[in-house]
Amino acid sequence: MNTTTKPSVWFHLMAAVTVAIWGTTFVSTKVLIGYGLSATDILFYRFIMAYICIWFFSPRILWAKSWRDEGVFVLLGLTGGSLYFIAENTALGMTLASNVSLIICTAPILAAFLSFFLYKGERLKPKLIIGSLMALAGVALVVFNGSFILRISRWEIF
């Protein structure tokens, strides 16, 4: 057996599990909002669970050289991550989970275009554009499953 394929399979399996867990968070968050939790409540509980899980798997400082660095990482996670998850959780309270997941999957494409416009040295390679559009189309096919309904709050647009 080739030793180079074994780690590759393991990493692909871990990536698939991560994607499956990440994908279920849209529906889970939508259910929690339905039971009355706010976007910030869900964010708080999610961060506490993530921090406990990280300490369970590795009960030492991760990639930090000191407690000061660990504090900086916590501060960055609470600010940058919090803004993202509060926006996502708020959107899940306003529309369907499928709509939010489709919007979220456009983030890498948006990052590529912003990089192109903000950093003049970056090039948008055809493979990046084609791959991004194929990924977006794939997500749209899975999310919408043949029917497209845009529901925002109580209004429906077909």
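**Note on the predicted helical model**

1. Thr29 touches Ile42, Arg46, Asn89 and Leu92, leaving aside residues up to four places away in sequence; a contact means heavy atoms within 4.5 Å. Thr29 belongs to helix H1 (residues 5-34), where helices (H or I, at least four residues) and strands (E, at least two) are DSSP runs numbered from the N terminus. With a relative accessibility of 4%, Thr29 counts as buried; buried means under 20% relative accessible area, exposed over 50%, and partly exposed in between (1.4 Å probe, protein chains only).

2. The model is predicted, so local features need pLDDT of at least 70 and side-chain atom pairs count only at pLDDT 80 or more, whereas totals for chains, interfaces and linings use all residues. Residues are numbered from 1 along each chain as its sequence is written, and side-chain values use heavy atoms, with hydrogens and water left out.

3. The protein chain contains 6 helices and 2 strands, in the sequence order α-α-α-α-α-α-β-β. Of its 158 residues, 17% count as buried. Among contacts between residues at least 6 apart in sequence, 62% join residues at least 24 apart.

4. The structure holds 5 aromatic pairs. Rings of Phe, Tyr and Trp (its six-membered ring) pair if their centres lie within 6.5 Å; planes under 30 degrees apart count as stacked, over 60 as edge-to-face and the rest as tilted. The ring centres of Phe47 and Phe85 are 6.1 Å apart and the planes stand at 85 degrees, so this pair is edge-to-face. Because Phe47 lies in helix H2 (residues 39-57) and Phe85 in helix H3 (residues 67-94), the pair ties together parts that are 38 residues apart in sequence. Phe85 also forms an edge-to-face pair with Tyr84, at 4.8 Å centre to centre and 80 degrees between the planes.

5. H3 and helix H4 (residues 97-104) pack at an angle of about 145 degrees, with axes 9 Å apart. Axes are lines fitted to C-alpha atoms, for helices over the stretch in contact, and angles run from 0 to 180 degrees between N-to-C directions. Tyr84, Glu88, Ala91 and Leu92 in H3 meet Ala97, Val100 and Ile104 in H4. By class, this contact has 6 nonpolar, no polar and 1 charged residues; Ala, Val, Leu, Ile, Met, Phe, Trp, Tyr, Cys and Pro count as nonpolar, Asp, Glu, Lys and Arg as charged, and the others, Gly among them, as polar.

6. The largest pocket has a volume of about 800 Å³. On a 1 Å grid over the protein atoms alone, a pocket is an open set of points where a 1.4 Å probe fits, with protein on both sides within 12 Å along at least five of seven lines, and lining residues have an atom within 4 Å of a point. Grid points are joined across faces, edges and corners, and the volume is the space filled by probe spheres set on the points.

7. The lining of the largest pocket comprises 19 residues, with Ile21, Trp22, Thr25, Arg46 and Ala50 nearest its centre. H1 and H2 each supply at least two lining residues, and the largest share, 9 residues, comes from H2. By class, the lining has 13 nonpolar, 5 polar and 1 charged residues.
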